[in-house]
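This report describes selected parts of one structure in plain terms. Look at the sequence and the 3D view first, then read on.

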Amino acid sequence: MTATTPLHTPEHDPYTPKEAQELHAERTGRKLAAGVFHPRQLLVSLPDAFRKLHPRHQLRNPVMFVVWVGSVLVTAFTVLEPSVFSIAVAAWLWFTVLFANLAEAVAEGRGKAQAESLRGLKTDTVARRLATNGTAGTEEEVPAVDLRVGDLVVVEAGQVVPGDGDIVEGIATVDESAITGESAPVIRESGGDRSAVTGGTTVLSDRIVARISTRPGETFVDRMIALVEGAERKKTPNEVALTILLSTLTIIFLLVVVALQPMAGYSGRQISVIVLTALLVCLIPTTIGALLSAIGIAGMDRLVQRNVLAKSGRAVEAAGDIDTLLLDKTGTITFGNRQATELIPLPGVEQEELAAAARLSSLADRTPEGRSIVDLCVVDHGLPAEPGDDERDGEFIAFSAQTRMSGIDLGDRQVRKGAASTIRVWVTSHGGNYPDRADDIVERVSAEGGTPLACAEIDDDGRARVLGVIRLSDVVKPGMRERFDELRAMGIRTVMVTGDNPLTARAIAEEAGVDDFLAEAKPEDKMALIRTEQEGGRLVAMTGDGTNDAPALAQADVGVAMNTGTSAAKEAGNMVDLDSDPTKLIEVVEIGKQMLITRGALTTFSIANDLAKYFAILPALFVALYPQLDKLNIMRLATPESAILSAVIFNALVIVALIPRALRGVRYRPMSAAGLLRRNLLVYGLGGIVTPFLGIWLVDLLVRLVPGIG
Amino acid sequence: MSPFVAGLGQVGLLVMALAACYRPLGDHMARVYGAEGHWRLERGIYRLARVNPDSEQRWTTYAAAVLGFSFVSIVLLYLMQRLQPLLPLGFGRGAVEPGMAFNTAVSFVTNTNWQSYAGEEVLGHTVQMAGLTVQNFVSAAVGMAVAVALVRGFVRARTDRLGNFWVDLTRGTVRILLPIAAIAAILLVALGTVMSLARGIQVVGVDGITRTIALAPTASQEAIKELGTNGGGIFNANSAHPFENPNAWSNLFENFLLLLVPVALTRTFGQMVGDRKQGYVLLSVMGLLWTVMLAASWWAETHPNGVASLAAGAAMEGKEVRFGIPASVLWEVSTTGTSTGAVNSMHDSFTGLGGGVALLNMLLGEVAPGGVGAGLYGILVLAVIAVFLAGLMVGRTPEYLGKKLGRREVTAAAIAMLAMPTVVLLGTGLALLLPSTPDFMTNTGSHGLAEVLYAYGSAGNNNGSAFAGMTVTSDFFQATLGVAMLLGRFLPILAVLALAGSLAQQRRVPATAGTLPTGSPLFVGMLTGTVVLVAALTFLPALALGPIAEAL
C-alpha cells in the first residue's frame with residue numbers, strides 16, 4: 001500500500017533515484033542525530049527549577065527527595081551553628097537539588113516552545129455544522145469547541161478544519177504544515193485510506209464534508225500539546241523498575257550512614273550530622289536520580305524532532321525491545337512505484353527501435369512509471385529526455401485510467417504503450433497482428449513478478465505491429481540491504497509484507513536482504529503473523545495507514561500509523577509519523593534503544609562514582625581516629641573539610657555536566673548487544689570509576705584555597 | 001617440600017577433586033529435581049506427611065511450606081533442648097537455658113550453625129543426633145529446594161507453579177545429601193574421626209589429675225556439617241578438634257565436602273536452564289572471588305606485622321600446628337565463602353587483613369560459592385541486579401535467561417539484596433550503641449569493632465563462623481543474633497520465591513544478537529564487579545573502622 005500521495009509536481013517527485021540516494025546518504029553512516037542543546041537553555045529554565053523545589057514535586061523522585069530532606073537538615077544545623085564549612089555544604093546540597101530540577105526543566109522547556117506554536121492552531125475556529133437531518137442548506141455556524149462526535153461539518157477552500165474527522169464527501173488539498181512541518185499540501189478525499197483530516201489544518205482547494213471523530217479537547221492537536229509538554233507523562237515500566245532499584249540503593253546507603261554513627265561513636269568519635277548528610281548525598285545515586293526524568297522526556301522529544309508522536313513513553317521503551325519488524329514492501333523496501341528495468345524487443349525488432357518507440361510513447365505519460373521508461377531510454381540508450389522540435393509538433397496522448405494507454409501521433413505515425421490487453425485490442429483493431437511471441441514474453445515477465453507493458457506502433461504506411469515489451473519491476477531502495485544488515489546485528493528480524501505472489505516476494509526479499517517475507521498477505525495474515533511472533537515472546541513493530549491495518553496496529557507492540565492514514569489507523573497505533581515515512585520505523589527503534597542505553601549508562605556511571613567518593617570521605621572522617629587511614633587518601637586532598645566539600649561539589653557539578661548527555665542521549669551505533677555492552681561498560685563503568693578521582697582532586701585544588709576549609 | 005608448595009599441592013588436589021565430581025554430581029542433582037517418579041521410601045514419607053507429591057505449588061504456597069516447616073523445626077529443636085534432662089544419652093547435661101535454646105534452634109534451622117554454647121558441655125548425644133544433625137540435613141535441603149524453585153522460575157513459562165516443596169525437600173535429603181553423607185562419614189571414620197556414643201574417656205594428666213575427654217558420635221555429624229555447609233561442630237573447638245578433624249587428609253576431605261554441593265549446583269543450574277555456559281559463568285565468578293580471597297589471606301598470614309608473629313615467621317597464633325598456614329587459610333576462605341562457618345583455626349587471631357578476608361567473604365553475601373542452595377540463589381539475585389543495572393546499556397529492557405526484568409522482578413531482587421545489609425548494619429550499630437557491649441569483648445578499638453561486625457555478618461549471612469573473642473551469651477546477643485539469623489535467612493527466601501513466581505509467569509523471550517549475552521567472560525567480569533561493588537559500597541565504612549584500620 002502506498003503510504004502517501006503528496007501533491008508533488010513531477011519535477012519534485014521524491015522517488016527519483018538520485019534524490020533518494022542523497023536522502024539515504026544523509027541517513028546512513030550517521031550517529032543518531034543529536035538534539036540541539038544550548039547552554040542558554042539552562043538559564044532560561046532556572047525559574048522553573050526553583051519552582052520545582054516544592055516538596056510535593058520532590059516527593060515524586062525518592063532519591064532527590066532524600067537530598068532535599070538532607071538539605072533542609074543541614075540548613076537547620078547551619079543556622080544553629082554557622083561555619084564556613086557548614087554554609088558551603090548546605091549551599092552545595094541545595095545546588096544539587098536545583099541542578100536536578102534544572103535538568104528536568106530544560107528537558108520540559110524544549111517541548112514547551114513546540115506546544116506554544118500548536119496552541120496557536122486552537123484559536124477560536126468557527127465550524128459550519130450541517131444539521132443532523134442531513135439535507136443541504138441547513139447549515140449553522142457554531143464554535144469548534146461545541147462540536148460533538150458524529151457532527152458533520154463543511155470546510156471550503158481557505159478555511160480551517162474545526163476538528164479531527166473523516167471526510168464523508170468530496171476531495172480537497174489540505175495544508176498540514178502546521179502539524180507536520182511539511183509545506184507541500186496533501187490530498188484528502190472521502191473513502192479509502194486518505195480520508196482523515198486533522199483539526200487546525202487548512203483546506204486549500206475544493207469543498208469537503210467531514211464527520212467529526214474526536215471530542216474537542218481530545219483532538220490530535222490537544223494530545224500533541226499534552227505530549228510535547230510532558231503534562232501527561234507517566235513513568236514508563238522500566239523507569240519504575242529502575243526507580244525501585246535506585247530507592248533500594250538509597251535505603252542501603254541510608255542504613256550505612258545510620259549505622260556509621262554508633263560505629264564511629266564506639267571507635268571514639270561522633271560524626272556531625274552535616275558530614276553524615278554530605279556522605280549520604282554523595283553515596284546515593286543522585287546523578288541518575290537527577291537525570292532520570294529528563295532522559296525520558298528527552299527520548300520523547302527526540303521522536304518529536306523526527307516528526308513522530310508517541311502516545312506514551314511506554315511505546316518508546318517498547319521500541320527499543322523490538323525483535324521483529326514488519327515492513328510493507330511497497331514504499332518502504334521498494335520505491336512506491338514500479339520502474340522500467342528492461343526493454344524486450346520482439347524478433348525482428350531492433351533494441352534501439354523499441355527504445356525509441358518506448359520513449360516516444362511515454363513522453364506524454366507523467367505517471368512515475370511513464371517517467372521511469374523515459375529515464376531508462378535516456379540512461380541506457382542515450383536518447384534525449386525532452387521532446388525534440390519535430391516531436392513537439394506531434395499530438396501527445398496522455399495516459400488515462402480509461403484508455404490505459406499513452407502515446408504520440410506524429411503525422412500518420414502513431415506510437416502507443418500500455419497494458420498488454422489494451423495494446424492487443426489497439427493493434428488488432430488497426431489491422432495488425434498480435435504475435436504469440438508477445439504473449440509469451442508478457443507471461444514470463446508476469447511470472448517473474450514484473451509488470452509487462454506492450455509497445456506498438458502504426459507506421460507511416462498504416463501498418464500496425466507490436467514492437468516489444470517493457471518490463472516494470474519493483475526497485476529496492478538503495479541502502480536497504482545495509483539497513484537490514486544493521487538491524488540483524490542489533491538482533492532484529494525483518495519481515496517483508498507484500499500482496500505479491502510468493503515467487504515475486506522471494507525475489508525482492510532476497511534482493512533487499514530481509515530475513516523473511518509474507519506473500520499474498522491479507523490484513524488477517526499480518527495479524528496472525530504478529531500473534532505468532534508474540535506467542536514466541538517476541539515484540540513486534542509495524543507501520544500501517546489503512547483502516548484494515550488498525551487491528552494489526554493495535555496488536556503490535558509498536559504500531560506506527562502514517563499521518564496520511566485513516567483516523568482508525570491513527571487511533572489504533574501507539575505512534576503517529578507525521579511525515580508518513582514508513583522507513584522511519586527503523587529510526588524509532590534506534591531512539592528507543594538509545595533512551596534505554598542512556599538510562600543504563602548514567603546509572604552505571606552514577607554507582608561507579610561512589611568508589612572515589614569513599615576514598616575522599618572515609619579518610620577525612622576517620623583520620624583523626626586512625627592516622628593510618630590517611631593512606632587511603634590517595635587523591636591527597638588537603639583537609640577533611642576540603643575533601644568532604646569537594647566530593648559534594650563534584651557530585652553536584654556532575655549533574656550539570658551530564659545534562660546535555662541526558663538530553664542528547666549517549667552515542668549509539670547499531671551493533672550487537674555484546675559490542676554495545678563492552679563499549680558502554682568501558683566508557684561508563686570504568687569511566688565512572690576513574691572520572692571522579694580526577695574531578696574531586698581538581699575541585700579540591702580550588703576548595704583548599706577557601707579560608708576556613710583548606 | 002616448603003609449606004608454600006605443600007599448600008599449593010593441597011589447593012590443586014582440592015580443585016581436582018571438585019572438578020572430578022562437578023559433572024556427575026551436578027547432573028545427578030538436575031535429574032533428581034526433574035525426575036517424574038518417586039522412590040518407595042519417599043512415597044512412605046509423603047503418605048506419613050499426608051502430602052500429594054504430584055501436585056505443584058504456587059510461589060505463595062511454596063513459601064508458606066518453607067516457613068511452616070522451618071517454624072515447626074525451630075519449635076521442636078527448642079523443646080528438645082529445654083527438655084534435655086528427659087532425653088537419653090544426656091549425661092546429666094541439664095536443660096539448655098531459654099535464650100541459648102532459642103538462639104541454637106534458630107541457628108540450626110537457618111543453616112547458620114552459630115554456636116553460643118560449647119557442644120560437649122551443653123548438649124547430650126540425643127539432642128546432637130536427633131536434633132542438630134537432622135536440621136543439618138533438612139536446613140540444607142531447604143536451601144537447595146529454594147534454589148531449585150528459583151531456577152524453575154527461569155526455566156518455566158506461563159505457569160504459576162514452581163514445584164512441590166515437600167518433594168524437593170525429601171528428594172534433596174534422601175537422594176542427594178543422605179547418600180553422600182553416609183559415604184563421607186565412613187571415610188571420615190577411616191581417616192580417624194571419632195564415632196562413639198560413650199560420654200568420654202578418662203585420662204590421667206601430667207599433673208596426676210584424672211580428666212574426662214568428651215567423646216561423641218562425631219563422624220556422622222561431621223560429614224553433613226560440611227556437606228550441608230552447616231558448620232556446627234559437635235565439639236566447641238569445631239574442626240580444629242582432633243576428634244573431628246584428626247589429620248591433614250581428613251582436613252582436606254572436609255574442606256572438599258563443604259565446597260562440593262555449592263560448586264556442583266552451578267552445573268545443575270546450567271543443566272536445568274539448558275545452557276551449561278550459564279552455569280560455568282556463575283562458577284567462574286565464584287571461583288574468581290574464592291581465588292582472590294585465598295591469595296589475599298594467604299599473603300596476609302605469611303606477612304604478619306606483629307612482634308610475636310614476625311619471630312615465628314608467620315601468624316601462627318590461633319592456628320593448628322597440624323595444619324599450618326596454607327591449610328588454615330584454605331579452610332578459612334572456603335568456610336566463609338560457603339556459608340559453613342566451621343573453623344579449623346581461630347579467625348579472631350588472623351592478621352587484620354586475613355581476618356578482614358573472612359569478614360568480607362561473608363559480607364559479599366555468601367556467593368563465593370555460598371551455602372548449599374543459598375549460594376546459588378544468592379548469586380542469581382545479584383545476577384538479576386547486575387543485568388538490570390548494566391543490561392540497559394544494550395538498549396533493551398533487561399532480560400536474564402529469557403525472562404524480562406520488570407518492576408516485580410526488580411522489587412523482589414532488591415528486597416533479597418536489601419535484607420542482609422539491613423540486618424548486619426543495624427545489628428552492629430545497635431550492639432555498639434549498648435553501653436554494656438565493651439564488657440563482653442576481649443578487644444577494643446578496630447579489632448573490637450571487627451568482632452561485633454563479624455558476629456552480625458556471620459548471623460545475617462547464615463554463616464555461623466565466629467570471630468570469637470566476644471561473649472555472646474547475654475540475652476541481648478542471643479536474641480538479636482537469633483533475629484538476625486531469621487531475617488537473614490527467610491527474608492531473602494521469601495523474596496527469591498516471589499521472584500521465581502513472577503519469572504515463571506512470563507513467556508520465555510528468545511535470545512537474539514540484541515540480547516545481553518550472559519554466557520560470556522564479559523558477563524563474568526560484570527557480575528563479579530557487581531558483587532564486589534555492592535558489598536564494598538555497603539560495608540566500606542564499617543570495614544574502614546575495623547579490619548582496614550587494623551591492617552594498615
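At 33% relative accessibility, Phe95(A) counts as partly exposed. The model in which this value was computed is a predicted one. Phe95(A) forms an aromatic pair with Trp92(A), and the arrangement is edge-to-face. Both residues belong to helix 6 (residues 84-119) of chain A, where they sit 3 residues apart, so about one helical turn separates them.

**Aromatic pairs**

Trp68(A), at 17%, is buried.

The table sets out the two pairs.

| Pair | Centre to centre | Angle between planes | Class |
|---|---|---|---|
| Trp92(A) and Phe95(A) | 5.0 Å | 65° | edge-to-face |

Ring pairs link Tyr62(B), Phe69(B), Phe165(B) and Trp166(B) into a cluster. Gln57(B) touches members of this group, including Tyr62(B), Phe165(B) and Trp166(B). Other residues that Gln57(B) touches include Ala65(B), Asp160(B), Arg161(B) and Leu162(B), leaving aside residues up to four places away in sequence. Gln57(B) is found in the loop between helix 2 (40-49) and helix 3 (59-82) of chain B. Is Gln57(B) buried or exposed? Its relative accessible area is 9%, so Gln57(B) is buried.

**Two packed helices**

In chain A, helix 9 (residues 237-267) packs against helix 10 (residues 273-283) at an angle of about 155°, and their axes are 9 Å apart. Angles over 145 degrees count as roughly antiparallel. Helix 9 and helix 10 of chain A are therefore roughly antiparallel to each other. Their crossing is right-handed.

Which residues meet where these two helices of chain A touch? From helix 9 come Phe253(A), Leu254(A), Val257(A), Leu260(A) and Gln261(A), and from helix 10 come Leu276(A), Leu279(A), Leu280(A) and Leu283(A). By class, this contact has 8 nonpolar residues, 1 polar residue and no charged residues. Helix 10 of chain A is mostly covered, with 10 of its 11 residues buried. Among the buried residues are Ile274(A), Val275(A), Thr277(A) and Cys282(A).

**An exposed loop residue**

Val149(A) is placed in the loop between strand 2 (139-143) and strand 3 (152-156) of chain A. With a relative accessibility of 51%, Val149(A) counts as exposed. Val149(A) still touches Ile212(A), Ser213(A), Thr214(A) and Arg215(A), not counting residues up to four places away in sequence. Gly165(A) is 16 residues away from Val149(A) along the chain, and the C-alpha atoms of the two are separated by 8.6 Å.

**Chain A as a whole**

Chain A contains 26 helices and 22 strands. Its C-alpha trace spans about 120 × 60 × 50 Å along the principal axes. Of the 710 residues in chain A, 57% are buried. Among the contacts in chain A with a separation of 6 or more, 71% involve residues 24 or more positions apart.

Key
Residues numbered from 1 in each chain as written. Chains lettered and ligands numbered in written order. Predicted model: local features only at pLDDT ≥ 70, side-chain atom pairs only at ≥ 80, totals over all residues. Heavy atoms only, no water. Axes fitted to C-alpha atoms, helices over the stretch in contact; angles between N-to-C directions. Helix = DSSP H or I, 4+ residues; strand = E, 2+ residues; numbered from the N terminus. Parallel < 35°, antiparallel > 145°, perpendicular 65-115°, else oblique. Left-handed = near helix turned anticlockwise from the far one by under 90°. Contact = heavy atoms within 4.5 Å. Nonpolar A, V, L, I, M, F, W, Y, C, P; charged D, E, K, R; others polar. Buried < 20%, exposed > 50% of the residue type's maximum accessible area, 1.4 Å probe, protein only. Phe/Tyr/Trp six-rings, centres within 6.5 Å; stacked < 30°, edge-to-face > 60°.
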